[in-house]
Amino acid sequence: MTEYRNILVKTEGGVVTVTLNRPNALNALNSELMDELSDAVDGYEADTSLRCMIITGSEKAFAAGADIKEMAGKSFSEAYREDFVTRNWERVSRARKPVIAAVAGFALGGGCELAMMCDFIIAADNAKFGQPEINLGIGPGAGGTQRLTRAVGKAKAMEMCLTGRMIDAAEAERAGLVARVVPLAQLGQEAKVSAERIASQALPALLMVKECVNAASETTLSQGIRFERRLFHALFATVEQKEGMAAFIEKRKPVFDRE
C-alpha cells in the first residue's frame with residue numbers, strides 16, 4: 001500500500017476511508033495533499049473489490065480551506081500555466097464509483113468545495129460550511145459558485161459567496177447541501193453504515209445510478225429521462241440484474257459477487 005504524508009487510508013471490505021491528515025493546519029488543502037488524494041481515488045477506482053469511498057477529516061475540521069500560504073504569492077501566469085486547482089483537485093468529482101463526504105467541524109472554501117465534489121454529504125451536528133474567499137480578495141475557484149448554486153439555489157449561494165457567511169449543519173440540511181445531520185460522536189459509524197450498504201450493491205447499478213443522477217443537473221428533463229431509460233435497459237444484460245430479481249422472487253438476499 002502506498003504511504004502518504006497528508007492522508008490516512010483504511011480499507012475494510014468493500015469500503016475505503018480516506019482521512020485528511022494535516023492537523024496542524026486544520027487540514028488545509030495543499031498541492032501535495034490533493035496529489036495524494038487523487039492517487040488514492042485512482043487506486044479506489046482500479047480495485048474492483050471496492051464499492052464506496054468515504055472522505056473525512058477531524059472532529060475540528062474536515063478542511064478549513066485551500067492552503068493560503070501556498071497560493072498567496074502566485075502570479076496569474078503561474079496559476080494559469082500550471083492549471084492550478086484543475087490539475088489535481090477535480091479527481092474526486094470524476095470518480096465513477098460512489099464517494100461520501102463525512103464532514104465534522106469546518107468545511108470552508110476549498111474544504112466545502114471538496115465536500116461538494118463527493119456524491120453526498122453526511123454532516124456532524126458541529127459542521128460549518130462556507131465560501132469565505134471574498135474576504136481574501138478573490139472568489140471560489142474549485143466549483144464553489146457552481147456546485148453550491150446547484151445544491152442550495154441562487155439566493156443562498158449568492159449570499160454565502162458575497163458575504164462569506166458560514167452556515168451550520170442544520171441550515172445546510174434545510175438548504176439541501178447535506179443529505180442528513182448526525183451527532184458528532186456517531187458521524188464515523190453513520191458514514192460507515194451508509195458506505196457498507198452501498199458497497200453491498202451491484203457495481204453496474206451503482207455506476208448507472210450515479211451517472212444518471214449527475215446528468216440530471218446538466219440535461220433537460222426529456223434528455224435525462226431518455227438517458228436513464230437507456231442505462232436501465234442496459235442493466236438487463238448484466239448477471240447482477242438476474243441475481244437481484246431472482247433473489248426478490250425467491251425471498252432471499254441477493255449476492256452480488258465482487259471481482
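**Figure 1. Exposure of R5 and its salt bridge to E32.** In this predicted model, R5 counts as exposed, at 65% relative accessibility. R5 forms a salt bridge with E32, and the closest N and O atoms of the two residues are 2.8 Å apart. In contrast to the exposed R5, E32 is partly exposed, with a relative accessible area of 31%. The segment before β1 also contains N6, and N6 counts as buried at 7% relative accessibility.

**Figure 2. The salt bridge between R87 and D35.** The closest N and O atoms of R87 and D35 are 3.2 Å apart in this salt bridge. R87 is part of helix α4 (residues 86-89) and D35 is part of helix α1, so the pair ties together parts that are 52 residues apart in sequence. R87 counts as partly exposed, at 48% relative accessibility. D35 also counts as partly exposed, with a value of 34%. The count for the structure comes to 16 salt bridges.

Figure 3. The side chains of K156 and E171 meet in a salt bridge, with an N to O distance of 2.7 Å. K156 lies in helix α7 (residues 154-163) and E171 in helix α8 (residues 169-175), so this contact ties together parts that are 15 residues apart in sequence. K156 counts as partly exposed at 23% relative accessibility, whereas E171 counts as buried at 13%. The cut-off that separates these two classes is 20% relative accessible area. Through salt bridges that share partners, K156, E159, R165 and E171 are joined into one network.

**Figure 4. Aromatic pairs of the structure.** The structure holds 2 aromatic pairs. F76 and Y80 form a stacked pair, with 5.5 Å from centre to centre and 15° between the planes. Both residues lie in helix α3 (residues 76-81), where F76 and Y80 are 4 residues apart, about one turn of the helix. Residues three or four places apart in an α-helix point the same way, because such a helix has 3.6 residues a turn. F76 counts as exposed at 67% relative accessibility, and Y80 is likewise exposed, with a relative accessible area of 64%. F232 and F236 form an edge-to-face pair, with 5.3 Å from centre to centre and 80° between the planes. F232 is partly exposed, with a relative accessible area of 41%. F236 is also partly exposed, and its relative accessible area is 35%.

**Figure 5. Lysine charges over aromatic rings.** Two lysine contacts with rings are described here. The charged end of K74 sits over the ring of F84, at 5.0 Å from the ring centre. The charged end of K97 sits over the ring of Y44, at 4.7 Å from the ring centre.

**Figure 6. Buried and exposed faces of helix α12.** Q241, E243 and A247 are buried in helix α12 (residues 239-249). These residues cover an arc of only 165° around the axis, which puts them on the same side of α12. The exposed residues F248 and I249 are carried by the face of α12 that is turned away from its buried side. Just after α12, K251 takes a positive phi of about 55°.

**Figure 7. A nonpolar surface patch that includes I68.** I68, L136 and I138 form this nonpolar patch on the surface, and together have about 260 Å² of accessible area. I68 is located in helix α2 (residues 68-71). The relative accessible area of I68 is 40%, so this residue is partly exposed.

How values were computed: Residues numbered from 1 in each chain as written. Predicted model: local features only at pLDDT ≥ 70, side-chain atom pairs only at ≥ 80, totals over all residues. Heavy atoms only, no water. Phe/Tyr/Trp six-rings, centres within 6.5 Å; stacked < 30°, edge-to-face > 60°. Helix = DSSP H or I, 4+ residues; strand = E, 2+ residues; numbered from the N terminus. Buried < 20%, exposed > 50% of the residue type's maximum accessible area, 1.4 Å probe, protein only. Lys NZ or Arg CZ within 6 Å of the ring centre and 35° of its normal. Salt bridge = Lys/Arg side-chain N within 4 Å of Asp/Glu carboxyl O. Arc of directions from axis to C-beta. Patch = residues over 30% accessible without salt bridge, like charges linked within 9 Å, V, L, I, M, F, W, Y side chains within 5 Å. Areas by Shrake-Rupley, 256 points an atom, 1.4 Å probe, with all protein chains shown as cover.
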